[in-house]
Amino acid sequence: EIYEYHLKLGAYGSSNNLRYRQSGMFSHRDAPDDTAPGYGHSYLDYGNLEFQVSPADYTDWDSGKTNVDVAVFEAEHFEELGEEVKANMARQFCCTEWVKNRTGCHPTRSLISSEHHDVNGTIEVFQVQVHHDATEPVKLRNAGKVLSRHEKYHNYKVKKTGLYTLLLANCDNENPADIMVTGQTVWMNPYGYLPGELYGMMPFFGVLAGIYTLVGIIWAILCYVNRKDLMLLQFWISMVVALGTLETAIKFFDYVAWNKSGGRSVGALATGLVFGVTKRAVSRVLVLMVSLGYGVVKPSLGAQLPRILILGTAYFVLAMCYDLLVNLPSNNKMVGDEGFMDSLTMLVLFMSLVDVGFYMWILQALIQTIQYLEQRKQNIKLQLFRRFRCVLVVSVVFSVSWAVYTMAASVKGYFEDHWKSQWNVNAVWEVLYLAILVAIVFLWMPSSNSQRYAYSMELATFDPDEKGGPDGPDEEEDLEEDGELGGLEDDEEPSVVGQFEKAITGEGPVGGEKMN
């Protein structure tokens, strides 16, 4: 990745005088691919970083200089930077006179790095002197001074696969000043610019887009063949399949372009996020509509439809804000910024409340629908909704299990050691969405009897011993009503436009029965 810098490195003693960035890097031997643009080379080039005193601290008469250190190392050595000071039981990362007298660190005004690491090349440190009266930024490539003994260049060769860190440190306590950092760093893997922890997302979304396309083609063929018998519910399913296909295809090409150019297209990223959030919102609406019995038990949703759409819109707005805030690049965005974290916390809270509203409504609606079908002895439709209930139960159990595992793994730092599998966290949720969609597609597959099946009532069968049951034969017969028994005659099948008008007005077809 070509990462652009535009940040303020705080003066010594401030809370942000140490800033770092991490990314997964493959060695040539372990790389999943070695084609263009990497061609098997793996390195981190930071020679184009530029430093200048913050305008607030600039004075044309001050000839002082502030030292800034740039260190590159594998993340597993991060905890080995600095020295423990017994006087205050705190780890000090900057070597000052006070720390030197207690730990023996050297040189002063610099980042504390063990000589053992310098000799073995595990940590590379450059130092740049930033003049307070300079009118132009100083570039590390031209003015950097090597502090480590291993590497004499600003191009760090990755010889071991791992999670690597680039650390910026403002440790000069004698001439403290805020430093503006600009320029860019180049993180090149053997296969290209895509960060190592995200490499798996590129082939994953390629495969996922292929599966969505296949499902979409099969669904489109079935819809075309049975176009005269489609229900409005199947149009909602078509919308979710189309959104999933577009989202995965856009994300796949986004990752491919990122890998080739080093920079991520904001347009492609934003478009993928919009389609993704829309898919998730419409999916929730679809599952709720199915649970309410729309298209099978209810010919329309009546007054419930506006409430469903309001809840879906609320989820869309909140999820869109959250995804844009987290994923879109921003030079001013800092994870540690209090305002930024407060915004994220509020969005997550409101999103969770909306999700709880969806889940509770889905659960209540599904229970009522199944009870209704049991009371009416609609065995065929009852079997359909019981299968759908099994799909939702399995998905909920799996979702909760995966969420607990992910939180536990994050707390224990699992993904720091297993960063190559970090992409699996989001990939599993995408697979779960697809699995639920495929189940709905299979259960509500278009056929020549879709409307007749949806709006007909199965003749109830009674046990002769049941109180109040009519006398009848011992054998039970499952018959589908037609015409005057609540079904539709062949020449009375409503058009799709007619269904849509009735869904909006809340009126059902003649003979259709609404659930209380």
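Modeller: The discussion below takes the terms in turn.

Modeller: This is a predicted model, in which local features need pLDDT of at least 70, side-chain atom pairs count only at pLDDT 80 or more, and totals for chains, interfaces and linings use all residues. Residues are numbered from 1 along each chain as its sequence is written, and side-chain values use heavy atoms, with hydrogens and water left out.

Colleague: Why are α6 and α7 called roughly antiparallel?

Modeller: The axes of α6 (residues 266-291) and α7 (residues 304-327) cross at roughly 150° and come within 9 Å. Angles over 145 degrees count as roughly antiparallel (under 35 roughly parallel, 65 to 115 roughly perpendicular, the rest oblique). The pair is therefore roughly antiparallel.

Colleague: Which residues make the contact between α6 and α7?

Modeller: Contact means heavy atoms within 4.5 Å. Among the residues involved are Leu273, Val277 and Leu288 of α6, and Ile308, Phe316 and Met320 of α7. By class, this contact has 14 nonpolar, three polar and three charged residues.

Colleague: What makes glutamate 74 a buried residue?

Modeller: Its relative accessible area is 9%, and buried means under 20% (exposed is over 50%, partly exposed in between, with a 1.4 Å probe and protein chains only). Glutamate 74 is therefore buried. This residue is in strand β5 (residues 65-74), and leaving aside neighbours within four places in sequence, glutamate 74 is in contact with Thr122, Lys160, Thr161, Gly162, Leu163 and Tyr164.

Colleague: How are tyrosine 39 and lysine 377 classed?

Modeller: Tyrosine 39, at 58% relative accessibility, counts as exposed, whereas lysine 377, at 26%, is partly exposed. Tyrosine 39 is found in the loop between β2 and β3, and lysine 377 in the loop between α8 and α9.

Colleague: What is the phi of each of these residues, tyrosine 39 and lysine 377?

Modeller: Phi is near 50° for tyrosine 39 and about 55° for lysine 377. Most residues other than glycine have a negative phi, and most peptide bonds are trans. The bond from alanine 36 to proline 37 is cis, with omega near 5°.

Colleague: Which residues touch the most other members of the largest nonpolar core?

Modeller: A nonpolar core is a set of buried Ala, Val, Leu, Ile, Met, Phe, Trp, Tyr and Cys residues joined through side-chain atoms within 4.5 Å. The largest has 75 residues, of which Ile237, Leu286, Ile308, Phe385, Phe388, Ile440 and Trp444 touch the most other members. A second, separate core of 26 residues includes Tyr46, Phe51, Val68 and Tyr156.

Technical notes: Axes fitted to C-alpha atoms, helices over the stretch in contact; angles between N-to-C directions. Helix = DSSP H or I, 4+ residues; strand = E, 2+ residues; numbered from the N terminus. Nonpolar A, V, L, I, M, F, W, Y, C, P; charged D, E, K, R; others polar.
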